[in-house]
Every structure is written in structure tokens, then in C-alpha cells.
Amino acid sequence: MFSYFLDSLHRDTGKLGIRTLVECDPSIKSIIVNIDNDKNDYIIEDLDESHLLIKDNMVSQLKAKLEDRLKETVPIVENDSDSDRDVK
Amino acid sequence: VIDQIRLWQLDTERMLATQGYLFKDFDDYREYIEICNFADDIGVVSWRNDKKGMFFANKVDQIKDFMRTRKKANEGK
């Protein structure tokens, strides 16, 4: 185990870079899994329903892709006062 | 209301990213639980799964020292 740990630490700091734990809502996780399906570029390990292990150098790219997907799926409501009172 | 609050939170931070290392492939469950509990006690565990015998730590220096000491103690037996 110890030698494994040193090996993995060496690998992590060397070629692969440190890993990143991503914690998110299950619905967001399913979108990330979906994004990863294209090229398998991001996810190292699927940990549970709300946690993923992601390649450290891919996190910012993944965040950008996630934003794009959410923009496509969630319509932007304009001129919304966020109040129920203006519904007459 | 709780659902709405959750949605607002997701709006600002859809995914929480933490850098660190995943510890897995322990020799046995005792090794896992001792090291994971130590890491948890010093507050560096971001995620753990006792069933899978894996945990994610955001700092490793103290865990490394602990594992080194633990290995030496076991060799002495």
C-alpha cells in the first residue's frame, strides 16, 4: 500500500497532475457524465451520485462546457422582477 | 423553499472543485479505516466511502508521515 501510494503520488505530481474532486448535485453530475461521454477527457473515476474524480488540468474547461450546456437547456427569463405580486 | 435555496446555490457554484489525492487499493479494511480516520481527525478528508474503502484528501503531508510511522510499527511486530 505504501509503495502504491508513493507511486501514485509520483504519477500524480508528474505526468497526470493532481486530481480534483468535484462535488455537485446529481442532476449536474449527469450532465458532466454526458459531456465526458464524447471523448472521455475529464472523468477519472465515478465516486458516487454526487462526486466525481476529474483530471486536474481539465477542470476549467469542464466548467466552461457545463456553463454552455446549462445555457442551452435553461431558458433565460427576461424582465422578471422575481416577485409574484406583478402577476395580476 | 429548500429546493429553491438549493437552486440559487447551484446558480453561483454548480460544481465544487477540490484539489487533492484519492487514496484507494488498501491492503485490508483495517489499514483503510485507520488511515482514513486519522485523516478525518486532522480535517483533510473531503470525501470518504467506507464501503468502497476509498477516501479523498486535500492535504497529504501529515497522512504520509502517519503511514510511514504506521508501517514501521507494523514491521516491528
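In chain A of this predicted model, residues 24 or more positions apart account for 45% of the contacts with a separation of 6 or more. Chain A has 88 residues, and 34% of them count as buried. Its secondary structure comes to three helices and three strands, and from the N terminus on these elements run α-β-α-β-β-α.

Chain B can be described in the same terms. Three helices and three strands make up its secondary structure, and along the sequence they follow the pattern α-β-α-β-β-α. Of the 77 residues in chain B, 36% are buried. Among the contacts in chain B with a separation of 6 or more, 53% are accounted for by residues 24 or more positions apart.

The helix pairs come next, beginning with chain A. The axes of helix 2 and helix 3 (residues 59–73) of chain A come within 10 Å and cross at roughly 110°. Angles of 65 to 115 degrees count as roughly perpendicular, and helix 2 and helix 3 of chain A are therefore roughly perpendicular to each other. Their crossing is right-handed. On the side of helix 2 of chain A, the contact is made by Ile28(A), Ile31(A), Ile32(A), Asn34(A), Ile35(A) and Asp38(A), and on the side of helix 3 by Leu62(A), Lys65(A), Leu66(A), Arg69(A) and Leu70(A). Sorted by class, this contact of helix 2 with helix 3 of chain A has seven nonpolar, one polar and three charged residues.

In chain B, the axes of helix 2 and helix 3 (residues 61–75) also come within 10 Å, and they cross at roughly 140°. An angle over 145 degrees would count as roughly antiparallel; helix 2 and helix 3 of chain B are therefore oblique to each other. This crossing in chain B is right-handed. Helix 2 of chain B contributes Arg30(B), Glu31(B), Glu34(B), Ile35(B), Phe38(B) and Ala39(B) to the contact, while helix 3 of chain B contributes Gln62(B), Ile63(B), Phe66(B), Met67(B) and Arg70(B). The classes here are six nonpolar, one polar and four charged residues.

Asp25(A) is in the loop between strand 1 (19–24) and helix 2 of chain A. Its relative accessible area is 16%; the cut-off for buried is under 20%, so Asp25(A) counts as buried. The side chain of Asp25(A) makes a polar contact of 3.0 Å with the side chain of Ser27(A).

Lys29(A) is placed in helix 2 of chain A. With a relative accessible area of 11%, Lys29(A) is buried. Its side chain makes a polar contact with the side chain of Asp46(A), at 2.7 Å. Apart from neighbours within four places in sequence, Lys29(A) is in contact with Cys24(A), Asp46(A), Asp48(A), Glu49(A), Ser50(A), His51(A) and Leu52(A).

Beyond helix 2 of chain A, Asn40(A) lies in the loop between helix 2 (26–39) and strand 2 (43–48). Asn40(A) is not a glycine, yet its phi is positive, at about 55°. Most residues other than glycine have a negative phi.

Chain B also has a residue of this kind. Phi of Asp25(B) is near 55°, a positive value in a residue other than glycine. Asp25(B) is found in the loop between strand 1 (15–23) and helix 2 (29–41) of chain B. Its relative accessible area of 47% makes Asp25(B) partly exposed.

Gly53(B) is buried, its relative accessible area being 13%. What is Gly53(B) in contact with, leaving aside its neighbours within four places in sequence? The residues are Phe23(B), Lys24(B), Phe26(B) and Tyr32(B). Phe23(B) is 30 residues from Gly53(B) along the chain, and the C-alpha atoms of the two are separated by 8.5 Å.

How values were computed
Residues are numbered from 1 along each chain as its sequence is written. Chains are lettered from A and ligands numbered from 1 in the order in which they are written. This is a predicted model: local features need pLDDT of at least 70, side-chain atom pairs count only at pLDDT 80 or more; totals for chains, interfaces and linings use all residues. Side-chain values use heavy atoms; hydrogens and water are left out. Buried means under 20% relative accessible area, exposed over 50%, partly exposed in between (1.4 Å probe, protein chains only). Contact means heavy atoms within 4.5 Å. Helices (H or I, at least four residues) and strands (E, at least two) are DSSP runs, numbered from the N terminus. A polar contact is a pair of N or O atoms within 3.5 Å; within protein, one must be able to donate a hydrogen and the other to accept it, and residues adjacent in sequence count only if both atoms are side-chain atoms. Axes are lines fitted to C-alpha atoms, for helices over the stretch in contact, and angles run from 0 to 180 degrees between N-to-C directions. Angles under 35 degrees count as roughly parallel, over 145 as roughly antiparallel, 65 to 115 as roughly perpendicular and the rest as oblique. A crossing is left-handed if the near helix is turned anticlockwise from the far one by less than a right angle, and right-handed if clockwise. Ala, Val, Leu, Ile, Met, Phe, Trp, Tyr, Cys and Pro count as nonpolar, Asp, Glu, Lys and Arg as charged, and the others, Gly among them, as polar.
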